[in-house]
Amino acid sequence: MTEQLAARTREILERPRPEESEEQRAREKAVVHECRYLMRLLSTRRRSEGEMRGRLAEREVPADVAHEAMARIARAGLIDDAAFAHDWVQQRRSLRALGDEALRRELEARRVDAELIEAALSDGQTDEEQRCRELVRSRIDHRDRERLREERDGSHRRRLSRRLDALLTRKGYPGDLAVHVIAGELRAAAEDPAA
């Protein structure tokens, strides 16, 4: 068996290679060049397939070269949109405290499939309301608590409520959830001096 394998290997290596045309060599050089470009992109952070295709389109790479470069990157196992979406969600939730809607928009902008987005948002999901509450609590400091307890006209409460609502809107939390959480947290902050 080993002798047959060795003989077959020798036969393949000794077989004369067909001459490549100048056009084939130029195409291969272009594909390798674009593969290197994609590898540089991937060396900085994980990227979605759609993002990389978009970058090749921005560079006006011919479709056949772009397709072959993407196929080689995929064969090498360097494209995994599911893992990309999962990592993106986990990182943006922990670092930026973003809500699901904001995360959905970001992943759609990176051309990730809707099914993969939904899977990433539900995978290991902590409660969105709890994340929202934690974010609101982190933005109500001890001075705000004192003013909420002392005020009689409600002006600070309204100002703080608007500021928190704007924050939650930017972070992608639904409006009804934001109103519910802000009201509850402001009420708790005004009532509990130890909070």
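Student: Which residues in helix 5 are buried?
Tutor: In helix 5, the buried ones are D81, A83, F84, A85, W88, V89, R92 and R93. Buried means under 20% relative accessible area, exposed means over 50%, and partly exposed is in between (1.4 Å probe, protein chains only). A word on the source: this is a predicted model, where local features need pLDDT of at least 70 and side-chain atom pairs count only at pLDDT 80 or more, while totals for chains, interfaces and linings use all residues. Residues are numbered from 1 along each chain as its sequence is written, and side-chain values use heavy atoms, with hydrogens and water left out.

Student: How do you know that the length of helix 5 agrees with what a helix should span?
Tutor: Helices (H or I, at least four residues) and strands (E, at least two) are DSSP runs, numbered from the N terminus. The expected span of a helix is 1.5 Å times one less than its number of residues. Helix 5 covers residues 81-96, and its 16 residues should span 22 Å. The end C-alpha atoms are 21 Å apart, so the two values agree. Just after helix 5, A97 takes a positive phi of about 55°.

Student: What do the buried residues of helix 5 pack against?
Tutor: They pack against helix 3 (49-58), helix 6 (100-109), helix 7 (114-122) and helix 8. Contact here means heavy atoms within 4.5 Å.

Student: Why is the pair R27 and D64 called a salt bridge?
Tutor: A salt bridge is a side-chain nitrogen of Lys or Arg within 4 Å of a carboxyl oxygen of Asp or Glu. For R27 and D64, the closest N and O atoms are 3.2 Å apart, so the pair meets the cut-off. A search of the whole structure finds 21 salt bridges.

Student: What makes R72 and E68 a salt bridge, and where do they lie?
Tutor: Their closest N and O atoms are 2.9 Å apart, which is within the 4 Å limit. R72 and E68 both lie in helix 4, four residues apart, about one turn of the helix. An α-helix has 3.6 residues a turn, so residues three or four places apart point the same way.

Student: Is E68 buried or partly exposed?
Tutor: E68 has 19% relative accessibility, so it counts as buried, whereas R72, at 25%, is partly exposed.

Student: How do you know that R133 and E185 are both buried?
Tutor: R133 has 16% relative accessibility, which makes it buried, and E185 is buried at 8%. The side chains of R133 and E185 meet in a salt bridge, with 2.9 Å from N to O. This pair links distant parts of the chain, with R133 in helix 8 (residues 128-139) and E185 in helix 11 (residues 175-191), 52 residues apart. Elsewhere, salt bridges that share partners join E28, E68, R72 and R75 into one network.

Student: What makes a set of residues a nonpolar core?
Tutor: A nonpolar core is a set of buried Ala, Val, Leu, Ile, Met, Phe, Trp, Tyr and Cys residues joined through side-chain atoms within 4.5 Å. The largest one has 16 residues, of which V136, L164, L168, I182 and L186 touch the most other members. Helix 8, helix 10 and helix 11 each give two or more residues to this core, and helix 11 gives the largest share, six residues. Apart from this core lies another, of 15 residues, among them C35, M52, V61 and A66.
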